[in-house]
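Trainee: Before we go through this one, could you show me the structure? I want to ask where the labels come from.

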Amino acid sequence: MEGGPGESELAHHVADLARAAGADIEMYDVEPGRPNLLAWIRRGNRPTLMFECHLDTVGLDPMPDALNPRIASGRLYGRGSADPKGCMAAMLHVLRAAAGDPDFPVDVCLAGAVGEEIVMIGSRVMAERRPPVDAAVVGEPTELRIITAQKGAVRWRVRTHGVAAHSAMPEQGHNAIEDMATAIPAIARGIEPHLNDRTHPVLGNATWNVGTIRGGAGVNVVPDRCEIEIDRRLVPGDTSAEVLAHVDAALDELRAGNQELRVDRDPPFVDIPPLETPDDAQIVRAAQRAVAAAGISPAPLGVAYATDAAMLSGVGGIPSVVLGPGDIAQAHTNDEWIEIAQLEAAVGIYLGVCKAFGEIAA
């Protein structure tokens with residue numbers, strides 16, 4: 001799970017499997033004890049395609065026997081089976097196929113990134129290092145449909161600062177929670193007029209939400225501190241810098257009208273760009289050929305959630321699609337599962353993407 005020892009253990013396990021297949025292994029720590037993995041099959045005279053999958057999962061509780069996989073009714077149950085270790089297993093088959101075939105149509109990079117579930121730190125660092133690949137297939141449970149558009153997200157904290165006092169003498173203090181009650185409408189004035197500035201034909205409009213609030217030490221104490229966390233979803237064309245500039249302008253206006261108000265905004269603790277890969281991109285066309293050959297609709301889709309593809313594309317400039325076996329409805333559930341038939345079909349589709357990409361990008 002996020003930040004747990006399983007990330008490192010899985011990275012080393014996949015590295016061992018890839019090394020045994022003949023891959024060159026590259027590993028580096030994103031944070032102490034949290035390694036990204038890249039396994040390479042390179043012959044140097046063909047395009048390079050990355051197959052990327054995140055190494056973490058959500059927490060094991062409350063899923064019973066989360067790490068004891070079982071098969072029943074054509075399904076594999078276990079934490080991570082759908083999100084997204086089924087993708088990783090299928091991608092390992094592609095790596096082995098590439099290693100065993102000197103005429104394989106593409107060079108292959110199998111990549112595993114830490115920390116996707118919360119802040120996508122692994123894929124951001126991976127993208128910043130600019131791996132020499134031509135395109136990427138990111139493994140997530142999409143029911144083997146092609147995802148080319150997704151919303152991004154920027155999340156940040158806002159704090160108000162007051163003066164603590166006994167609630168019997170509130171005039172001796174300054175109530176930070178009351179100040180936050182004025183700050184939230186001001187933040188809304190900075191955000192809401194711009195939610196409809198850009199409308200995406202698939203993803204719709206941007207959204208925002210105040211997700212948490214914390215403040216006060218006790219009911220008999222004037223609170224000296226209050227903090228909220230805000231989530232703003234981004235559509236293609238949005239930037240976090242622009243969003244936060246509007247928020248800062250609204251807070252500046254609020255401060256100008258109330259000299260006693262102490263309110264500040266932290267830098268974002270999550271900053272994920274939106275994804276929009278053009279329909280005519282080589283990786284999209286290759287994925288369309290592969291899924292169509294498997295009898296699946298090749299029409300690209302968009303999703304409201306974010307994936308590592310956003311970092312690879314938006315930060316690293318790597319044209320990316322999201323494509324994998326499993327259903328996102330099973331992700332994070334108490335009985336997570338993946339259909340074995342779809343898992344097997346993913347191997348054929350990934351191989352088909354390699355073949356088509358080699359032809360298109362040659």
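Mentor: What follows is a run through the labels, one at a time. This is a predicted model, where local features need pLDDT of at least 70, side-chain atom pairs count only at pLDDT 80 or more, and totals for chains, interfaces and linings use all residues. Residues are numbered from 1 along each chain as its sequence is written, and side-chain values use heavy atoms, with hydrogens and water left out.

Trainee: On to charges. What makes glutamate 7 and arginine 34 a salt bridge?

Mentor: The term asks for a side-chain nitrogen of Lys or Arg within 4 Å of a carboxyl oxygen of Asp or Glu. Here the N to O distance is 2.8 Å, so the pair qualifies. Side chains of opposite charge can pair when their charged atoms come close. The structure holds 21 salt bridges.

Trainee: Why do you say that the glutamate 7 and arginine 34 pair ties parts together?

Mentor: Glutamate 7 lies in helix α1 (residues 5-21) and arginine 34 in strand β2 (residues 34-41), so the pair joins parts 27 residues apart in sequence. Those elements are DSSP runs, numbered from the N terminus: helices are H or I with at least four residues, strands are E with at least two. Both partners are buried, glutamate 7 at 0% and arginine 34 at 9%.

Trainee: Which label does each partner get in the bridge between glutamate 227 and arginine 214?

Mentor: Their closest N and O atoms are 3.0 Å apart. Glutamate 227 is in strand β13 (residues 225-234) and arginine 214 in strand β11 (residues 207-215), 13 residues apart. At 11%, glutamate 227 is buried, whereas arginine 214, at 44%, is partly exposed. Salt bridges with shared partners join Arg157, Arg159, Arg214, Glu227, Glu229 and Asp266 into one network.

Trainee: Why is proline 132 called exposed?

Mentor: Its relative accessibility is 57%, so it passes the cut-off. Proline 132 sits in the loop between α3 (121-128) and β7 (135-138). Leaving aside neighbours within four places in sequence, it is in contact (heavy atoms within 4.5 Å) with Trp40 and Thr48.

Trainee: Last one: is threonine 307 buried or exposed?

Mentor: Buried, because its relative accessibility is 1%. Threonine 307 lies in the loop between β17 (301-303) and α7 (309-314).

Trainee: What makes the threonine 307 and glutamine 150 pair a polar contact?

Mentor: That needs a pair of N or O atoms within 3.5 Å; within protein, one must be able to donate a hydrogen and the other to accept it, and residues adjacent in sequence count only if both atoms are side-chain atoms. The two side chains make theirs at 2.9 Å, so the distance is within the limit.

How values were computed: Buried means under 20% relative accessible area, exposed over 50%, partly exposed in between (1.4 Å probe, protein chains only).
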